[in-house]
Amino acid sequence: MVTGVFDLVVVGAGPAGLAGAGTAGELGLRVALLDMAEHVGGQFYRQPAAGLGAARPEALHHDWDAFVALRKRLAAGRVEHLGRHHVWAVERGADGDWAVHAVVGDDGGDGRPVRVRARAVLLAAGAYERQLPFPGWTLPGVVGAGGAQAMLKGGLVLPGKRVVVAGSGPLLLAVASSLASAGAEVPAVIEASGYLGYARHPRALAVNPRKLAEGLTHGAALLRHRIALRTRSAVTEAHGSERVEAVTVSRLDARWRPVPGSGRRIACDALAVGHGLVPGIELGTTLGCGTRTTADNTLALHLGSGQETSVRGVWGAGEVGGVAGAQLACIEGELAARSIAARLGRDPGPEGRVRQLSSRRTRLRTFAEAMAATHAPGPGWTGWLCDDTEVCRCEEVTAGRVREAVADQGARDARTVKLFTRAGMGWCQGRMCGAAVSCLAGDGQPPAQRRPLAVPLTLGALAGQGPEDASEPSQSQT
Amino acid sequence: MARTPGELAGARPGPAFEITVDGRAVSALPGQTVAAALWAAGVLTWRTTRGGGRPRGVFCGIGQCFDCLVTVNGVANRRACLVAVGPGDEVRTQEGEGRGELAV
């Protein structure tokens, strides 16, 4: 039952949202916590479904204790968790409060529209994986690295027996070690950048010893599972007919151009691939929240010292402010909650705590920027595309068609390419092809993150949301 | 060292039940998504694309890419990576946008 106006709606129940909701609850705020999944945890702490009876869910995770602590804090406060709620828009209400619109169900398919009202909104929607296409990437058995991890954590299943892990970014090491622990053979991790890039940011490393320790843990896991790590290399083609049977791994130069003649085949029956993460910020951009460009060319919400966006009354925490990991997400969630409490006239807690959290945040943000710079895709990656490589998976638009729009039809940016070719116009609304299309269009801009409807919505659900409930002080659903 | 994900997580699942996939009986576990049940049964694809008719299944695994759309109990365009399976569910390969039955 959801009634009345909440003090705070938190969108997303990952580490940032949990820390935000838990802290706000402790500070006496009435909080609604909305998330698309049934259980809290987000992608990072995704757990096996209850029916699977997992006695050791922590075996699939790093830092499970932190999650247990977050859950405890949630239970202690006045937090209403609304699982299976897919938020499609946040709208400013007439009285200066906010209406958060959602559809309900495993995939939002129950069609039941829900509106939750609140005096403040905390966006903690997390991130999704950045993909760069290559020949064969639509073959069955090629999955997102984060996707393989999610299917393992949530469903206890693997995409294959022999899984190559490729792309760029620290997630790859975690994915490889999880897959191997769960019984997959992982012949190699293929990282397009090098880890030496971190050495260019000595200060970021020096003030974050825990991050170094995490790196060593991953390194040890790779050794234990006999996983080869190849840097400055990429999967430049996946081969197979019914499903992936092998991949070609090529060396890359400093700009990520594949070195001709360097290709070597690795046999596998699955490939888990991803090139870092993209902040999920569309709920914020639709409200007009200002953005910044991160070191790896993604858009993130511009956040102030109290985690507030440029739109008064809307806060952000975790990956929406730039991908930085669970540890920072927790800090930012708590900082946001304290800032929101203060705005709503409550006691935000000890000043010393805020100072301490702020300084940790600065330190971890420094590391995140170094990480983003180290693993940022180089411009040469488009060199591994063939003209018949699909770039937009939804609309089946090839690289050749996009190049034609640029070279022959004069498209100079991703939006014009989209209008000419439909790339980015499909179901996923450019989430999968956005980075690629921007590169091919040559506009040098990060892909736009404007999606007025953040999740698919039936006309029935839209029609069921009559204007009259907007003015209702209490809106209920079971 | 664990040989399966279930071993690693110490899983003792509830009783398995049957679903059908394009008419074929497949065993599924309670709580699994459609996608997880199909992966466990060795099935990787359950949609063909609208243009080229090419096979697709899970890609992003978190409900963002819509590659895994499938027809469940006659309803098209369900995201297999999000929708939980239930006993007796009829899962069908989705052709194109899954509205073939509307064609005149």
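**Figure 1. Contact between domain 2 and domain 3 of chain A in the predicted model.** In this view, 15 residues of domain 2 of chain A are in contact with 13 residues of domain 3 of chain A. Together the two domains bury about 1,300 Å² between them, and carbon and sulfur atoms carry 68% of that area. On the side of domain 2 of chain A that touches domain 3 of chain A, the residues are nine nonpolar, four polar and two charged. The number of salt bridges between domain 2 of chain A and domain 3 of chain A is zero. Five residue pairs are in polar contact across this interface, with both residues at pLDDT 80 or more.

**Figure 2. The domains of chain A.** Domain 1 is made of two stretches of chain A, 5–128 and 278–372. Domain 2 covers 131–275, and domain 3 covers 380–447. Between the C-alpha centres of domain 2 of chain A and domain 3 of chain A the distance is 24 Å.

**Figure 3. Overall form of chain A.** The secondary structure of chain A consists of 14 helices and 21 strands. Its C-alpha trace spans about 65 × 50 × 45 Å along the principal axes. For 478 residues, a compact globule would have a radius of gyration near 23 Å; chain A has 22 Å, and therefore agrees with this expectation.

**Figure 4. The interface of chain B and chain A.** Each partner is represented by its contacting residues: 51 from chain B and 51 from chain A. The area buried between chain B and chain A is about 4,200 Å², with 60% given by carbon and sulfur atoms. In chain B, the residues that lose the most area to chain A are Leu8(B), Trp39(B) and Phe59(B), which together account for 19% of what that side buries.

**Figure 5. Salt bridges and polar contacts between chain B and chain A.** Six salt bridges are counted between the two chains. Arg50(B) forms a salt bridge with Glu395(A), and the closest N and O atoms of this pair are 2.7 Å apart. Between chain B and chain A there are also 25 residue pairs in polar contact, both residues being at pLDDT 80 or more. On the side of chain B that touches chain A, the elements giving two or more residues are helix H1 (5–8), helix H2 (34–40), strand S4 (55–56) and strand S6 (75–79) of chain B. By class, the residues on this side of chain B divide into 25 nonpolar, 15 polar and eleven charged.

Conventions: Residues numbered from 1 in each chain as written. Chains lettered and ligands numbered in written order. Predicted model: local features only at pLDDT ≥ 70, side-chain atom pairs only at ≥ 80, totals over all residues. Heavy atoms only, no water. Domains from an automatic or database assignment. Contact = heavy atoms within 4.5 Å. Buried area = accessible area lost by both parts, 1.4 Å probe. Salt bridge = Lys/Arg side-chain N within 4 Å of Asp/Glu carboxyl O. Polar contact = N/O pair within 3.5 Å; in protein donor to acceptor, adjacent residues only side chain to side chain. Nonpolar A, V, L, I, M, F, W, Y, C, P; charged D, E, K, R; others polar. Helix = DSSP H or I, 4+ residues; strand = E, 2+ residues; numbered from the N terminus. Rg over C-alpha atoms; globule rule 2.2 N^0.38 Å.
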